[in-house]
Amino acid sequence: MNRTVRSRYEQLAQAAGLAMDPNSGALYGRLGEYDVIVFAPNASYPYALSAVISAYRAEIPLSMEESKEFCADRKIISSLTQNGSVITMALKSTPNRNKLQEGLVESLAALANFLREKGFRNCCQACGKQQEVSSCYAAGAYMHLCPECYTALQQRVEMNEAQATQKKENVVAGIVGALLGSLIGVVCIVILSQLGYVAALSGVVMAVCTLKGYELLGGKLSNKGIVICVVLMLFMTFFGDRVDWAIVVARELEVDFVTAFQAISLLLEEEIIESSAYWGNLVLLYLFALIGLIPTVWATVRSRKDATRVYCLGQTTGQR
């Protein structure tokens, strides 16, 4: 989270009477008789916020008619949904500071009144008991948990982490898996290029398939495995570009693919293929591939780290 967004969140928290978690930037606190967490589901859109409350009523869950009734006259609210005991109010993104602040404050107050009128009661989203809960960050998700469920989840995550640590990594099998996965990325590069496109999508596909291939055959994905995958991705991007050129050469010179692939270096030396066109295309391909590859690898690293984090919002010891 950059400094500007963090500053804006601090202002929103103060205006709404909430606190801001120093680790994740999520806003949390008490909204009348309900505990609420406000956060951006997609970090790329930090001002498209969602407010989450865990509440339950004995009769029936929130109906579509009730949701429409609540959202009808409130333009900033895009939806109000219930999944189990989790009620989520999604707000439309707006970069205007005043509109966002006013909309958040007004919609939170309206939500609390609405739930109270409809007979919803604050509860633990894991066990459903109507008792005191804490706003938590648990293995990549925000939750409202009672003390018993929080402790149980913490123990389960610690046990899973211990099992993952003990699991052996087969580097050779992982490399084979990463290679097989990266071939899917090569196919994506070639298909898009033959259609006349150079897209970041190829980098995303390359990264996801390579990392997943390593993890599936290697047993687990360590930091060493990630480094191996990144090196392999860079090489396979170069290989994919060569395959693309080989298809063009085979078509233009009416030769088989293997002959065309082997002839590319000679064609470059003889300037039958213009060096500027070849290297320019390769640089452009790497640029777009990295645009998709870097965020995907970073998201994988973050998700591995987040999977072992369980803490109550506001704790400064949230990093593990």
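Is Arg-304 buried, partly exposed or exposed, and what is its relative accessibility? At 32% relative accessibility, Arg-304 counts as partly exposed. Buried means under 20% relative accessible area, exposed means over 50%, and partly exposed lies in between (1.4 Å probe, protein chains only).

This is a predicted model, in which local features need pLDDT of at least 70 and side-chain atom pairs count only at pLDDT 80 or more, while totals for chains, interfaces and linings use all residues. Residues are numbered from 1 along each chain as its sequence is written, and side-chain values use heavy atoms, with hydrogens and water left out.

**View 1. The whole protein.**
The overview shows 9 helices and 10 strands. Helices (H or I, at least four residues) and strands (E, at least two) are DSSP runs, numbered from the N terminus. The protein has a radius of gyration of 26 Å, well over the 20 Å that the globule rule gives for 320 residues, so it is more spread out than a compact globule. This radius is taken over C-alpha atoms, and the globule rule is 2.2 Å times the number of residues to the power 0.38. The C-alpha trace spans about 80 × 50 × 40 Å along its principal axes. Of the 320 residues, 43% count as buried.

The accessible surface of the protein is about 17200 Å². Carbon and sulfur atoms hold 58% of that surface. Areas come from the Shrake-Rupley method with a 1.4 Å probe; for residues, only the protein chains shown count as cover. There are 28 positive and 28 negative side chains. Lys and Arg count as positive, Asp and Glu as negative; His and the chain ends are not counted. The centres of the two sets lie 9 Å apart. Each charge is placed at NZ of Lys, CZ of Arg, CG of Asp or CD of Glu. Among contacts with a separation of 6 or more, 60% join residues 24 or more positions apart. Contact means heavy atoms within 4.5 Å.

**View 2. Helix 5 and its packing.**
Helix 5 covers residues 171-194, 24 residues in total. From first C-alpha to last it reaches 34 Å, close to the 34 Å expected at 1.5 Å a residue. The expected span is 1.5 Å times one less than the number of residues. Its buried residues include Gly-177, Gly-181, Gly-185 and Cys-188. The buried residues of helix 5 pack against helix 6 (201-218), helix 7 (223-253) and helix 9 (275-306). An α-helix has 3.6 residues a turn, so residues three or four places apart point the same way.

**View 3. Gly-174.**
Gly-174 lies in helix 5. Its relative accessible area is 0%, so Gly-174 is buried. Gly-218 is 44 residues away in sequence, yet the two C-alpha atoms are 3.6 Å apart. Beyond its neighbours within four places in sequence, Gly-174 is in contact with Gly-213, Tyr-214, Leu-217 and Gly-218.

**View 4. Helix 7 and Arg-242.**
The 31 residues of helix 7 should span 45 Å at 1.5 Å a residue, and its end C-alpha atoms are 45 Å apart, which agrees. Arg-242 is found in helix 7. Arg-242 counts as buried, at 13% relative accessibility. Not counting residues up to four places away in sequence, Arg-242 touches Phe-261, Ile-264, Ser-265, Leu-268 and Tyr-278. Gly-292 is 50 residues from Arg-242 along the chain, and their C-alpha atoms are separated by 20 Å.

Glu-254 follows helix 7. Glu-254 sits in the loop between helix 7 and helix 8 (257-269). Its phi is positive, about 55°, although Glu-254 is not a glycine. Glu-254 is exposed, with a relative accessible area of 72%. Glu-271 lies in the loop between helix 8 and helix 9. Phi of Glu-271 is positive too, near 60°. Glu-271 is exposed, at a relative accessible area of 61%.

**View 5. Arg-304.**
Arg-304 has its place in helix 9. Leaving aside neighbours within four places in sequence, Arg-304 is in contact with Leu-221, Ser-222, Asn-223 and Ile-226. Arg-304 and Ser-222 are 82 residues apart in sequence and 9.4 Å apart in space, C-alpha to C-alpha.
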